[in-house]
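Work through the exercises below with the sequence and the model side by side. Each task is followed by its solution.

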Amino acid sequence: AQFFREAAEQGHCDAQLRLGECYSEGNGVDRNPTEAFRWFMEAAKQEHPAAAAKVAVCFRDGIGTEKAHLSALAWTEKAQAAEQRIRQKKLGDGASASKDDD
């Protein structure tokens, strides 16, 4: 968890997600749903789709935060949009690579 904490505090969204998972599951730190939610939210704000999905679940189930169904729906939509952007970028990168091969 310490490795993830250092990177998370520097703003790395993958590390923020992983640190949130550590707090969620109690891996290397005491289980703390509030801290898990905090780190999931930090990563989600950077449009990390998996983190946004975890934020949605936290709002839906009241894990580390109060239940908020509208927020859960909004974060579900953000997660889907972020995932779509990643897929489009990968498709775009693949198209560029194949054009370069011609």
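**Exercise 1.** In what order do the elements of the chain run from the N terminus on?

Solution. The model is predicted: local features need pLDDT of at least 70, side-chain atom pairs count only at pLDDT 80 or more, and totals for chains, interfaces and linings use all residues. Residues are numbered from 1 along each chain as its sequence is written, and side-chain values use heavy atoms, with hydrogens and water left out.
Step 1: take helices (H or I, at least four residues) and strands (E, at least two) as DSSP runs, numbered from the N terminus.
Step 2: count them, which gives five helices and zero strands.
Step 3: read the order, α-α-α-α-α.

**Exercise 2.** Find how many disulfides the whole structure has, and explain the result for cysteine 13 and cysteine 22.

Solution.
Step 1: apply the criterion, a pair of cysteine sulfur atoms within 2.5 Å. The search finds zero disulfides.
Step 2: for cysteine 13, the closest cysteine sulfur belongs to cysteine 22 and is 15 Å away, too far for a bond.
Step 3: for cysteine 22, the closest cysteine sulfur is that of cysteine 58, at 15 Å, again too far for a bond.

**Exercise 3.** Are cysteine 13 and cysteine 22 buried or exposed, or in between?

Solution.
Step 1: use the cut-offs for relative accessible area: buried under 20%, exposed over 50%, partly exposed in between (1.4 Å probe, protein chains only).
Step 2: cysteine 13 has 22% and is partly exposed.
Step 3: cysteine 22 has 8% and is buried.
Step 4: for the chain, 30% of the 102 residues count as buried.
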